[in-house]
Amino acid sequence: MTKSEKTLLGFIITFLSSTLWPSLPQISLIALAIIALLFVVLTRSSALAAGTLVGFLWASFCGYYYLSWQIDNDLYNNNLIVQGKVVSLLAPLPANNLHGISPAKDSAKQSSALDQRAIKFNFVIDKIGEQTQIIKPKVRLSWYSPRLSLQQGDSVRLFIRLKPPAGLANPDGFNYQQWLSSKNITALGYVRQSPSNQFISQSSSIRQRSVNLLSEHDLPNIRWILALSYGDRRMLTKDDWGLMQRTGTAHLFAISGMHLGIVFSFTFLIGKGLFFASALHPNVVMSVSFRPHLLMLPCSICVAYAYIAGFEIPVMRALFTMLFWTTLVMFAKHWRMPNVLLILLSSFFIIFPFSILGISFWLSFTVVLVIMLFLWRFKLPANASLVSKFMHTIKLQLFISVITLPLIAFTFSSLPVVSFFANLFMIPLVTFVLVPLCLVAAIIVAIGFDVAIIYWLINTCFEYAFLLLNWLDGGTSQFLGEDWQSALWVKKSMAWLTHPGIVLAFLLITLPPWNGKMPLVLSILGVCVIHQKFIDKHAFSENKSHLYAMDVGQGSAIVIKDKNGTMLYDTGGSFAGFSMANSVLLPFFKHENINKLKYFIVSHLDNDHAGGANIIKQHLEIGQALSPQKGCNRQDFLALHPSGVANFLGFEAQILWPLKPISGDENRHSCVIKLHKGEHSILLTGDIEKQSEAQIVAMYKDTNSLNSSILIAPHHGSKTSSTAKFVSAVSPEYVVFTSGNNNRWSFPAQSVVNRYKSVNAKVYVTGQHGRINITITQNDIVVSSYREDEYPRWFFKAR
């Protein structure tokens, strides 16, 4: 390995390690690294050390630069008037309401459409108030009932309210905050209705106008055409994403390196054909090598296609790679493949430093490495026949499908067993038909012409493609069962499949033979089998209970599970097109292989506690469903358990409140449950407030029923709850506030937090710490949180 390769390798490994840093290094450590780098460079002692130090310094610089983007804390949760540019594609408002015509002047039907519509878009801020921003922050805004028909490229003045860029923090759900960081989005917010909301200039982008023209066509598969033509996947439904994940075809509908490669190849062949055709003319003299000049046409077309696709980071990575390769060809440079790969990766990390926080980078990077490994390991002879080339391509696809299976299983918690067969016909269709047709149509539309016949042809191809995909998907479900992805054997298969040792052993098998290769592979597999068996046995026999306070924003969802079963207390909220049950609870239950709830308790009927109840009932088998109206009140409980104590999972359970069956419509109706195990206990309180607390304290003042080790704080930490007498009666060791990050009510109130700290309780807030995991044994309690312990990352601490 050359010195330059060692330097680049050190840079890449160290920079990649920054994704695991729990915090950014102190300035003193950065200064020490600079001194060390100067010493290494001057003494020329170690190329690897030099690269490592440069990687450390670049990652540190990027981290602190990211912090410098953050909007001043004083601007959060305040009304702001900002000016800037819309950078997201947006669907236009209904006809006759374009570009800000007042709804009052239109029909009632159009006004209704406006009132019900909500949009989300990315917005680059140029000015806040009268202050011009030197570093222009990119924010993600929501606007309910918008009064302007925003389009990509429009400059507008908006009346907004911002909050820090945080998302739900649960291990089994989508990591929204990390995604925001990878997109350089520094704040979230919403637009408030105001006369200040006005256009400064209306100049929609070519990309936006092209999407608008395409949207006018009445095509059943328009959402897929938009995804493949413009990288616009807003219209894809949950079922569409599910189909792509189950069939392993999601990569085909995210414009990336493969699509630019197709565009480059087709335009190169077309240019080559035109060149040879012109060379047949007797007056044309061939005096220079034509190949470098031919590369200019496909490069230009690819740049245009990248623009149409929105210059997304995966597209930019592919474009950069293509331009780099073209430069090498044009200047007749012959570099070794490892050197090229190291240079490209280093360049990506310098130009797109935050892209490594997104899963798309790792998927793309893995596929590129797999292709390189295959082409190096299984070389195709230069004089290979067309049949040999075709079979080589089929083997490459099989190789990619098998090698990337662990990454896909780990990322999406699903097993795409038909991905090889699905890609076998989808890749040629996308490569040779759909992408070229979409490219031609997009260019013609961008010029200003209509291409209805081409879109009809594309739509027809999609219809037949999805007939085959749905047939494969349906056949799998029919053979393995409708809900086969949740089966125990699938979970165990994925546990084996994603075991690092097994992945390593499989990669070693693909390498050329050497002395001792098979004993090494068998040894690794043997260790993996012993380790996995130990994990399975330990998981089956553990005598622990786990309480999970899920991060469901401003709401509550508590899961308690042990070897006896699972209990769910509340579900979080549901909103238009979105439910915490779908986005947080069901992924958790799927990961834990939980298909049945032994107890499902709804504390009361507020949306933030019971909004996902119907979804839970649809997807899980329910043993006992309890609510204040039936079962979860003192009267019903004593009727079934005269002793006042029942067995819930491995706990002794008491229902303390309400006293009789009641509707559950109000906070004071909330079901209060005490769970006791060994030396420790849990108190679940819903949204009870000071009146209910006073009655409960008075009822149980002569008993020890309220004193608890763990308390889920009443009403998310509102000032209307957690009175001094209640806090003193419970005296918890740990208190958990189920409050959303930076919520509009400022829960938990600082006075309430201080009250719990006065009794030496350790305080956790789901919105700040993420999901709280409390492990309970007969004699011990261990508390961990997602952001602080399970997945601590520096970008979580930007604010």
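Is Leu-323 buried, partly exposed or exposed? I looked it up and found Leu-323 partly exposed, with a relative accessible area of 33%. (Buried means under 20% relative accessible area, exposed over 50%, partly exposed in between, with a 1.4 Å probe and protein chains only.)

A note on what I am reading: this is a predicted model, where local features need pLDDT of at least 70, side-chain atom pairs count only at pLDDT 80 or more, and totals for chains, interfaces and linings use all residues. Residues are numbered from 1 along each chain as its sequence is written, and side-chain values use heavy atoms, leaving out hydrogens and water.

Next I placed Leu-323 in helix H12, residues 313-330. (Helices are DSSP runs of H or I with at least four residues, numbered from the N terminus.)

Then I went inside. The largest nonpolar core has 55 residues, and Tyr-230, Phe-253, Tyr-455 and Phe-462 have the most contacts within it. (Such a core is a set of buried Ala, Val, Leu, Ile, Met, Phe, Trp, Tyr and Cys residues joined through side-chain atoms within 4.5 Å.) I noted that H17 gives this core its largest share, 12 residues. A second, separate core has 39 residues, including Ile-30 and Phe-324.

I also checked Tyr-230: leaving aside neighbours within four places in sequence, its contacts include Arg-207, Leu-214, Ile-255 and Tyr-455. (Contact means heavy atoms within 4.5 Å.)

Last stop: Asp-473, in helix H18. I found Asp-473 buried, with a relative accessible area of 11%. Beyond neighbours within four places in sequence, Asp-473 is in contact with Leu-243, Arg-246 and Thr-247.

Note on methods. Helix = DSSP H or I, 4+ residues; strand = E, 2+ residues; numbered from the N terminus.
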